Amino acid sequence: MVRKAPREDVNEDGLEVGPPKEWAAGIPGVTRSLLTSYAQMGAGRTFLTLARVNQKDGFDCPGCAWPEGGHRSPAEFCENGAKAVAEEATTRRVTRDFFAAHTIGDLARHTDYWLGQQGRLTEPMYKPEGADRYEPITWERAFGVVAEELRGLGGPDEAVFYTSGRTSNEAAFVYQLLVRRFGTNNLPDCSNMCHESSGSALTQTLGIGKGTVSLEDLHRADLVFVVGQNPGTNHPRMLSALERAKRNGARIVAVNPLPEAGLLRFKNPQRPSGLAGRGTTLADRFLQIRLNGDLALFKALSRLLLEAEDAAPGTVVDHAFVQEHTHGFEEWAADTRALDWAEVEEATGLDRGAVEETARDVLGAKSVIVCWAMGLTQHRNSVATIREVVNFLLLRGNVGRPGAGVCPVRGHSNVQGDRTMGIYEKPSAAFLDALHDEFGFEPPREHGLDTVEAIRALRSGEAKVFFAMGGNFVAATPDTEVTEAALRRARLTVQVSTKLNRSHAVCGERALILPTLGRTERDNDRFVTVEDSMGMVHASRGRLRPASPDLLPEVAIVCGLARELFEDDPHVPWKEFEADYDAIRERIARVVPGFGDFNTRVRAPGGFALPNAPRDERRFPTATGRATFTVNPLEVLRVPEGRLLLQTVRSHDQYNTTIYGMDDRYRGVSGGRRVVFVNPDDLAERGLADGETVDLVSEWPDGERRAERFRVIAYPTARGCCAAYFPETNVLVPLDSVAETSNTPTSKSVVVRLVRPD
Ligand code: SF4
């Protein structure tokens with residue numbers, strides 16, 4: 001059986017390919033920010049909106065979760081932040097006439113780019129059973145439809161409540177409250193597909209599922225590893241932090257299969273020398289690693305450090321830290337000393353000399369930070385890899401002191417905050433106890449479904465209602481054909497959204513689109529709060545007039561549904577929550593650790609930092625009360641003859657599933673997305689030429705999966721590896737191909753062959 005992505009109307013006749021860029025940002029970044037904003041919003045709105053992004057009295061950028069420093073410049077945004085804001089603050093509108101003119105089948109034939117370009121949703125829409133298009137519905141009736149379906153289920157676990165990472169803390173808290181009040185922990189979220197592996201590994205080893213560094217630490221580090229991450233596109237303002245670290249004397253080691261422009265050189269648009277000069281060289285060392293080689297690399301670095309310690313005892317290992325704060329060192333060290341160099345070289349594709357030079361960098365650094373993103377988290381052995389990063393840092397006491405620690409860089413702007421607020425299918429007993437004590441009802445104790453399990457439950461018919469608080473579920477998830485078929489089996493699908501996307505065209509028997517406010521928009525006089533990637537919580541207040549008078553804030557959508565579902569609820573004052581976000585924050589303060597006096601502290605300019613025991617106190621709340629060294633076997637991912645390892649990546653005109661445009665400026669691509677980047681030597685070995693068209697085929701026990709018609713681009717990626725954009729290549733990753741422990745789809749190591757189309 002061959003599974004293929006559904007065919008959309010794709011016209012990539014204008015696809016052009018030039019050389020990749022060797023630097024990021026600069027004048028082209030500024031120009032592109034302004035042109036995109038102007039096209040979507042016009043001049044006046046562009047100025048008003050961009051002036052408020054990430055300001056202390058403004059709104060939080062709806063892009064990534066990168067933190068802001070204490071001092072804010074007048075332009076606190078990057079090119080991709082400007083694109084995210086422009087998409088939301090656009091003056092384009094999707095009205096009832098649009099839906100009357102397009103059947104759902106029509107919508108499904110369009111690309112996500114086309115759908116997104118239609119503008120903001122303006123009123124609730126409903127697809128009744130058997131209908132082929134959406135029609136307007138009142139909010140009251142919409143809540144009635146959802147409540148009716150939920151009440152009609154055989155049990156609460158037949159419903160799934162997904163969350164994307166844009167949802168504010170207040171909306172996330174009331175949403176999880178509604179879901180648990182209803183009786184299930186089926187709260188999958190986008191974390192399941194990105195940093196779940198980080199959370200799993202860090203909770204086990206350090207006792208906290210988050211990073212342990214602040215922005216100040218990054219500025220002060222001696223050595224920063226940037227691993228499996230493309231900050232130039234995905235967290236662009238991280239480049240300013242790296243530049244500052246370099247000015248303070250840091251060295252940077254970039255570890256990646258692709259030589260991304262943002263890892264090489266940065267032209268800071270905030271500085272005249274960045275605009276007019278050469279900019280700052282970022283990576284002092286670029287380790288062009290083979291996909292899935294990171295575990296081997298960090299094991300090898302640790303082994304070299306242990307050898308250096310053996311040669312000069314007491315000079316390399318931080319024995320005081322290891323003895324006082326960790327356990328498992330001896331067993332781990334014995335395993336690490338037995339590492340086989342031939343396997344390291346095979347797994348990483350690096351020669352031993354490059355690894356030894358990097359180890360010398362480490363020996364010369366008093367404080368080391370390792371940053372990473374999806375390049376580390378979306379492999380079968382990702383949890384083991386991140387545990388090995390922790391081992392490497394613990395060895396020299398590089399956790400819990402200034403300028404040192406772990407830095408998983410989060411994607412969507414409040415993805416970390418949503419988890420803090422309880423959006424988690426495996427809540428701790430302590431969190432559920434706190435909910436019980438605060439609200440007086442018994443929350444469900446059985447763990448719920450994560451994203452992959454939710455798709456399986458929808459596929460089998462065990463789950464019948466799918467509710468999404470934001471996001472574009474079918475574009476974010478793997479195994480596109482399977483996922484879409486699963487969604488279409490649902491009795492009801494509900495999407496709370498600001499804009500149209502593919503998930504509105506892949507719906508259940510009945511479907512609702514519930515349009516909501518964006519971050520840029522006024523929510524009466526209220527503000528919401530978010531948590532950034534480094535655990536800072538701050539306020540976000542929109543100022544624009546909402547795109548339509550018929551939009552509701554996410555909090556009002558949750559509370560409106562709850563009032564319909566629970567009627568006179570003796571436990572939760574939904575009406576009060578809807579009107580007064582301070583009332584929600586008071587409850588958060590009593591339920592979620594670290595939020596004491598929330599309403600006062602969040603009103604301080606810039607907000608406040610959440611407690612972080614490893615960082616603040618060198619305290620590790622693990623089962624043993626110590627940081628844990630773990631033994632992680634090195635298993636080389638061997639690829640059968642003629643195959644390559646594929647990683648799915650984003651283009652520069654893309655943020656997660658939102659496609660802002662058809663260009664990938666840094667990689668030299670314009671006018672198209674169906675491309676695959678392959679090393680020229682790998683192409684020659686296969687008898688393929690640059691510019692040829694190929695299908696990408698992955699092979700699995702249940703049959704092949706095929707992504708059709710990609711143009712080959714000869715590109716300086718690591719040997720044996722290739723890259724192509726998601727969501728186009730999601731079809732190649734089966735639902736059952738997941739990381740051990742975290743259950744994250746393995747989108748960064750897919751074995752494929754390139755075949756000429758029939
Ligand atoms: S770095 Fe991230 S949060 Fe900051 S402006 Fe850019 S997209 Fe927005």
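**Second largest pocket.** I began with the lining of the second largest pocket and sorted its residues by class, which gave 16 nonpolar, 12 polar and nine charged residues. Since I am working on a predicted model, I treat every value in these entries as computed from that model. The volume of this second largest pocket came out at about 900 Å³. I then looked up its lining, which is made up of 37 residues, and noted that Glu76, Arg237, Ser240, Asn268 and Gln270 are the ones that lie nearest the centre. The elements that give two or more residues to this lining are strand S3 (24-25), helix H1 (26-41), helix H10 (215-220) and helix H12 (238-247). Of these I marked H12, from which the largest share of the lining comes, namely six residues.

**Largest pocket.** By class I recorded 15 nonpolar, 19 polar and 10 charged residues for the lining of the largest pocket.

**Cavities.** I also went through the cavities and counted five of 30 Å³ or more. I looked in detail at the second largest cavity, which holds about 240 Å³ of space. It is lined by 20 residues, and I noted Leu517, Gly518, Arg519, Asp523 and Val528 as those that lie nearest its centre. The class count for the lining of this second largest cavity is seven nonpolar, five polar and eight charged residues.

**Helices H15 and H17.** How do helix H15 and helix H17 pack, in angle and in distance between their axes? I found an angle of about 100 degrees between H15 (residues 294-311) and H17 (residues 329-337), with the axes 9 Å apart. The two helices are therefore roughly perpendicular to each other, as an angle of 65 to 115 degrees counts as roughly perpendicular. On the H15 side the contact is made by Lys299, Ser302, Arg303, Leu306 and Asp310, and on the H17 side by Phe329, Trp332, Ala333, Asp335, Thr336 and Arg337. When I sorted the residues of this contact by class, I had four nonpolar, two polar and five charged residues.

**Arg181.** I located Arg181 in helix H8, which spans residues 169-182. Leaving out residues up to four places away in sequence, I listed its contacts as Phe441, Phe566, Asp569, Pro570, His571 and Val572. For one of these, Phe441, I also looked up the separation from Arg181, which is 260 residues in sequence but 7.4 Å in space, taken from C-alpha to C-alpha.

**Asn234.** With its neighbours within four places in sequence set aside, I found Asn234 in contact with Cys64, Arg650 and Tyr655.

Notes: Residues numbered from 1 in each chain as written. Predicted model: local features only at pLDDT ≥ 70, side-chain atom pairs only at ≥ 80, totals over all residues. Heavy atoms only, no water. Helix = DSSP H or I, 4+ residues; strand = E, 2+ residues; numbered from the N terminus. Contact = heavy atoms within 4.5 Å. Axes fitted to C-alpha atoms, helices over the stretch in contact; angles between N-to-C directions. Parallel < 35°, antiparallel > 145°, perpendicular 65-115°, else oblique. Nonpolar A, V, L, I, M, F, W, Y, C, P; charged D, E, K, R; others polar. 1 Å grid on protein atoms, 1.4 Å probe; cavity = no way out; pocket = protein on both sides within 12 Å on 5 of 7 lines; lining within 4 Å. Points joined across faces, edges and corners; volume = space filled by probe spheres on them.
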